[in-house]
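Work through the exercises below with the sequence and the 3D structure at hand. Each task is followed by a solution in steps.

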Amino acid sequence: MNKSVFITGATSGFGRAAARRFAEAGYALVLTGRRRERLEALEQELSGKVAVHVIELDVRDEAAVKKAVDELPQKFSSVHVLLNNAGLALAPEPAQDVALQDWHTMIDTNVKGLVNVTHALLPTLIRLGAGTSIVNIGSTAGKWPYKGSHVYGATKAFVEQFSYNLRCDLQGTGVRVTDIAPGMAETEFTLVRTKGDQAASDQLYGNTTPMSAEDIAEQMFYVATLPAHLNINFLEIQPVRQVWAGMAVDRDE
Ligand SMILES: NC(=O)c1ccc[n+]([C@@H]2O[C@H](COP(=O)([O-])OP(=O)(O)OC[C@H]3O[C@@H](n4cnc5c(N)ncnc54)[C@H](OP(=O)(O)O)[C@@H]3O)[C@@H](O)[C@H]2O)c1
C-alpha cells in the first residue's frame, strides 16, 4: 500500500498502540518522539511487517519539524494520515501553586507543537486530497473543567476549536479533520503528569476499568479509514465507569 501515517508521540501510550494498529493494516509508518531508543525498539518490532521510518523529534522545535517533513524519504512521503498525538499534562496542583514553566511546556507541546506539525504537513495532505485525515488528540479535559486541569484543559480546548476551524478552511480539499477527546486511559500520562509518581498513577487507574491505549488506537484507525466522503468532527470517548464530577460549592464552616 502506498500510504503512510505520520505519528507524533509514538514512543508510548496511544501513539505506540496506533503504530501497531496501522501496521496491521499495511501503512508505512513515520514514527516520531524524543526517546530514540523507544523509537528504535518499535522499528525493530514492526519493520518485519511494514516500512518504518523513525525520527527523533521534539514537536516544539519548529525548524526540526519542518526538516523532518521536508526530508521524508520518498517511500514515506504519501502521508495520508497525520496523528497529532504528542502531548502531556503537568502540574495537577491548583493553578495558584504551579510553576509557570509547566504551563509553558504544556502550551508549547499541546498547542504550538501540534500546529507546527499540522502546518508542515498540510501541503502534503492537500496534494493527496480525498481520503486523507488529520486526527488530533484532544481530551475530555478540553470540554469539562476540573480542579488541577487549568492550562492542560485549555490546551485541549484549543485542539477542539482548531480542529473545527481547520475543517472550514480545508473544505473542498478532501482533507478530513477529527478531534478525538478521550477520558481516562491508562498510559504513562499520569506518570508524566506527576513527574514520576508511580503510586499516584497506580491509584488513579486501580480498582476500576480505564480505557487502554489500544482502545484509543482503534478509534484513531476507525476515523482515519472511513469512506472518503465522511468526517467525524469530534469523538468523545470514556470508560463506562467514568462520569462527570458534580458542581463544587464553597461553604462557610
Ligand atoms: N491517557 C489519558 O488519559 C489521556 C486522555 C485524554 C487525552 N490524552 C492525550 O493523549 C495524548 C497521548 O498521551 P498518552 O496518554 O499516550 O501519554 P504518554 O504515554 O505519556 O505518551 C505521550 C507521548 O507524547 C510524546 N511527547 C510528549 N512531549 C513531546 C514533545 N515535546 N515532542 C514530541 N513528542 C512528545 C511522548 O514521547 P517522548 O517523551 O518520547 O517525546 C509520548 O510518546 C496526549 O496528547 C494526551 O494529552 C491522554
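The model is predicted: local features need pLDDT of at least 70, side-chain atom pairs count only at pLDDT 80 or more, and totals for chains, interfaces and linings use all residues. Residues are numbered from 1 along each chain as its sequence is written.

**Exercise 1. Burial**

Solution. 
- Step 1. Recall the rule: a residue is buried if 20 or more other C-beta atoms, placed from the backbone, lie within 10 Å of its own, exposed if 12 or fewer, and partly exposed in between.
- Step 2. Locate tyrosine 27 in the loop between H1 and strand S2 (28-33). Helices (H or I, at least four residues) and strands (E, at least two) are DSSP runs, numbered from the N terminus. Tyrosine 27 has 27 other C-beta atoms within 10 Å, so tyrosine 27 is buried.
- Step 3. Glutamate 218 belongs to helix H8 (residues 213-224). Its count is 13 C-beta neighbours inside 10 Å, and therefore glutamate 218 is partly exposed.
- Step 4. Cysteine 168 is part of helix H5. Because cysteine 168 has 8 C-beta neighbours inside 10 Å, it counts as exposed.

**Exercise 2. Distance in sequence and in space**

Task: For glutamate 62 and valine 117, state how far apart they are in sequence and in space. Do likewise for tyrosine 27 with valine 5 and for glutamate 218 with phenylalanine 22.

Solution. 
- Step 1. Glutamate 62 lies in helix H3 (residues 62-70). From glutamate 62 to valine 117 there are 55 residues in sequence, and 8.1 Å from C-alpha to C-alpha.
- Step 2. Tyrosine 27 and valine 5 are 22 residues apart along the chain, with 6.5 Å between their C-alpha atoms.
- Step 3. Glutamate 218 and phenylalanine 22 are 196 residues apart along the chain, and their C-alpha atoms are separated by 9.2 Å.

**Exercise 3. Positive phi**

Task: Compare the surroundings of alanine 91 and lysine 195.

Solution. 
- Step 1. Most residues other than glycine have a negative phi.
- Step 2. Alanine 91 is not a glycine, yet has a positive phi of about 55°. Lysine 195, also not a glycine, has a positive phi of about 55°.
- Step 3. Alanine 91 sits in the loop between strand S4 (79-84) and H4. With 22 C-beta neighbours inside 10 Å, alanine 91 is buried.
- Step 4. Lysine 195 sits in the loop between H6 and helix H7 (198-205). With 11 C-beta neighbours inside 10 Å, lysine 195 is exposed.

**Exercise 4. A helix pair**

Task: Work out how H4 and H5 are oriented to each other.

Solution. 
- Step 1. Axes are lines fitted to C-alpha atoms, for helices over the stretch in contact, and angles run from 0 to 180 degrees between N-to-C directions.
- Step 2. The axes of H4 and helix H5 (residues 150-170) come within 9 Å and cross at roughly 10°.
- Step 3. Angles under 35 degrees count as roughly parallel, over 145 as roughly antiparallel, 65 to 115 as roughly perpendicular and the rest as oblique. H4 and H5 are therefore roughly parallel.
- Step 4. Residues in the contact (C-beta atoms, placed from the backbone, within 7 Å) include Trp103 and Met106 of H4 and Val151 and Tyr152 of H5.

**Exercise 5. Nonpolar cores**

Task: Describe the largest nonpolar core.

Solution. 
- Step 1. A nonpolar core is a set of buried Ala, Val, Leu, Ile, Met, Phe, Trp, Tyr and Cys residues joined through C-beta atoms within 7 Å.
- Step 2. The largest such core has 52 residues, and Ile7, Leu29, Leu31, Leu82 and Met220 have the most contacts inside it. H8 gives the largest share of this core, seven residues.
- Step 3. Another core, of eight residues, lies apart from it and includes Ala89 and Phe189.

**Exercise 6. The ligand**

Task: Which residues come nearest to the ligand?

Solution. 
- Step 1. A residue is near a molecule if its C-beta atom, placed from the backbone, lies within 6 Å of it.
- Step 2. Of the 31 residues around the ligand, Gly9, Gly13, Arg34, Gly87 and Thr187 come nearest.
- Step 3. H1 gives the largest share of the shell, three residues.

Definitions and conventions
Contact = placed C-beta atoms within 7 Å.
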